[in-house]
Amino acid sequence: MIETCTFEVIGPQRMNCEGCENAIQRSLTRLPGVRQVQADHHTQRVVVQLDSAQTDAEAIKARLALSGYQATQLAAPTAE
């Protein structure tokens, strides 16, 4: 099932520019099942469209942590 999850970057390390957005997008799209990523440094939000049979929100948060960003999921995933 395809789901959309929204995360907010929290903690001391923030997205500061389009380069940060691009780095997050590249990192997350390498995960199996991630279909689309939209990162916005103005709102500190990352919206991920994923196949829940292949990955989940915890894997997204773990990948963000590897990239240096602490994140929290804002709401339950919405199915499409």
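**Exercise 1. Cysteines.** Determine how many disulfides the predicted model contains.

*Solution.* A disulfide is a pair of cysteine sulfur atoms within 2.5 Å. By this rule the count is zero. As a check, consider C20: the nearest cysteine sulfur, that of C17, lies 3.8 Å away, and C20 is in no disulfide. Next, apply the burial rule: buried means under 20% relative accessible area, exposed over 50%, and partly exposed in between, with a 1.4 Å probe and protein chains only. C20, at 13%, is buried. C5, at 1%, is buried as well.

The model is predicted: local features need pLDDT of at least 70, side-chain atom pairs count only at pLDDT 80 or more, and totals for chains, interfaces and linings use all residues. Residues are numbered from 1 along each chain as its sequence is written, and side-chain values use heavy atoms, without hydrogens and water.

**Exercise 2. The core.** Identify which residues touch the most other members of the largest nonpolar core.

*Solution.* A nonpolar core is a set of buried Ala, Val, Leu, Ile, Met, Phe, Trp, Tyr and Cys residues joined through side-chain atoms within 4.5 Å. The largest one has 19 residues, and F7, M15, I24, L28, V46, V48 and I60 touch the most other members. Now take V46: beyond its neighbours within four places in sequence, its contacts (heavy atoms within 4.5 Å) include C5, F7, M15, I24 and L28.
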